[in-house]
Amino acid sequence: MAGALLLSGAVAALFGSTLPAHDPAGILEPPPDKIVIEVATVNGSGCPLGTAAVAVSGDNTAFTVTYSDYLAQAGGGADPTAFRKNCQLNLVVHVPQGFTYAIASVDYRGYASLQPGAKGIEKASYYFQGSPNTAAKTHEFKGAYNDNWQATDSTDWAQLVWAPCGERRNFNINTELRVDAGTSDPAKASFMTMDSTDGDISTVYHMAWKECPRR
């Protein structure tokens, strides 16, 4: 998994979501030089080795994380431990000199098949290494449900947490899927995924940029 993952322009079409309205003071267009993201470590039952990939948009406005084996399920004879899956990614983000970035919004996507009485939960957080500021959000989906799902977390521009200038701090992403069978028929399975078999379903992290103070 480790290694530089520099994106070709082919995936730029994935990044079409609108960022929150903001005060443009101090906010810049993305730097022209490409950013590079390395996966330092990947751990968790939702992302076995080789099943998570990271790519950067061609215009430096976002990056995606795509999973290929991220599924939580309960009922229908599922393994008792399968109701919860999680993934922890530790990323090294190389940005052009003189710039810093923050995560403005995140789009989470997947598929859920939930029996009546069951529910699925998606939970995520992210933070810079050594920072006490952790952005954590939870989204719940109730059965009966059988469709794609999407959840978006946005941060007010005044509350953005910026990567420290002049320091290399790894960016940590923690995600979790949980399925609760609840009052559903125990013979029928409920499941929730955050994976994709064709690469079209990804978690998208939208980036904001600003220039670091000159020393």
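This briefing walks through the main features of the structure above, topic by topic. The model is a predicted one. Its protein has zero helices and 13 strands, and buried residues make up 43% of its 215 residues. Two disulfides turn up in a search of the whole structure, and the largest pocket has a volume of about 390 Å³.

**Overall build**

- Read from the N terminus, the elements of the protein run β-β-β-β-β-β-β-β-β-β-β-β-β.
- Take the contacts between residues at least 6 apart in sequence: 82% of them join residues at least 24 apart.

**The nonpolar cores**

- Here is some background: in soluble globular proteins, nonpolar side chains tend to be buried together.
- The largest nonpolar core holds 40 residues, and Phe63, Leu91 and Phe171 touch the most other members.
- Strand E7 gives the most to this core, with six residues.
- Another core lies apart from it and has six residues, including Ala102, Leu160, Trp162 and Ala208.
- Which residues does Phe171 touch, not counting those up to four places away in sequence? The list is Phe63, Leu89, Asn90, Leu91, Val93, Tyr101, Ile103, Tyr126, Tyr127 and Phe128.

- Cys47 is joined to Cys87, with an S to S distance of 2.1 Å.
- This pair links distant parts of the chain, 40 residues apart. Cys47 sits in the loop between strand E2 (36-43) and strand E3 (52-56), while Cys87 is in strand E6.
- Is this disulfide right-handed or left-handed? The torsion about the S-S bond of Cys47 and Cys87 is about 100 degrees, so the disulfide is right-handed.
- Cys47 and Cys87 are both buried.

- The link of Cys165 and Cys212 is left-handed, with -90 degrees about the S-S bond.
- Cys165 lies in the loop between strand E10 (145-154) and strand E11 (171-180), and Cys212 lies in the segment after strand E13 (203-211), so the pair ties together parts that are 47 residues apart in sequence.
- Cys165 has a relative accessible area of 24%, so it counts as partly exposed. Cys212 has a relative accessible area of 12%, so it counts as buried; the cut-off for buried is under 20%.
- With bonded cysteines counted along the chain, the disulfides follow the pattern 1-2, 3-4.

**The largest pocket**

- How many residues line the largest pocket? There are 19, and the closest to its centre are Val95, Phe99, Cys165, Gly166 and Glu167.
- Strand E6 (84-94) and strand E7 (99-114) each supply at least two residues of the lining. The largest share, three residues, comes from E7.
- By residue type, the lining divides into ten nonpolar, five polar and four charged.

- Lys142 is found in strand E9 (residues 135-142).
- Is Lys142 buried or exposed? With a relative accessible area of 59%, Lys142 is exposed, because the cut-off for exposed is over 50%.
- Leaving aside neighbours within four places in sequence, Lys142 is in contact with Leu114, Ala118 and Lys119.
- Lys142 and Leu114 are 28 residues apart along the chain, and their C-alpha atoms are separated by 7.1 Å.
- The peptide bond from Gly143 to Ala144 is cis, with omega near 5 degrees. Ala144 is found in the loop between E9 and E10.

**A residue with positive phi: Asn60**

- Asn60 has a phi near 65 degrees, a positive value in a residue other than glycine.
- Where is Asn60 found? Its place is the loop between E3 and strand E4 (62-67).
- Asn60 counts as buried, because its relative accessibility is 1%.

Technical notes: Residues are numbered from 1 along each chain as its sequence is written. This is a predicted model: local features need pLDDT of at least 70, side-chain atom pairs count only at pLDDT 80 or more; totals for chains, interfaces and linings use all residues. Side-chain values use heavy atoms; hydrogens and water are left out. On a 1 Å grid over the protein atoms alone, a cavity is a set of points where a 1.4 Å probe fits but cannot get out, and a pocket is an open set with protein on both sides within 12 Å along at least five of seven lines; lining residues have an atom within 4 Å of a point. Grid points are joined across faces, edges and corners, and a volume is the space filled by probe spheres set on the points. Helices (H or I, at least four residues) and strands (E, at least two) are DSSP runs, numbered from the N terminus. Ala, Val, Leu, Ile, Met, Phe, Trp, Tyr, Cys and Pro count as nonpolar, Asp, Glu, Lys and Arg as charged, and the others, Gly among them, as polar. A nonpolar core is a set of buried Ala, Val, Leu, Ile, Met, Phe, Trp, Tyr and Cys residues joined through side-chain atoms within 4.5 Å. Buried means under 20% relative accessible area, exposed over 50%, partly exposed in between (1.4 Å probe, protein chains only). Contact means heavy atoms within 4.5 Å. A disulfide is a pair of cysteine sulfur atoms within 2.5 Å.
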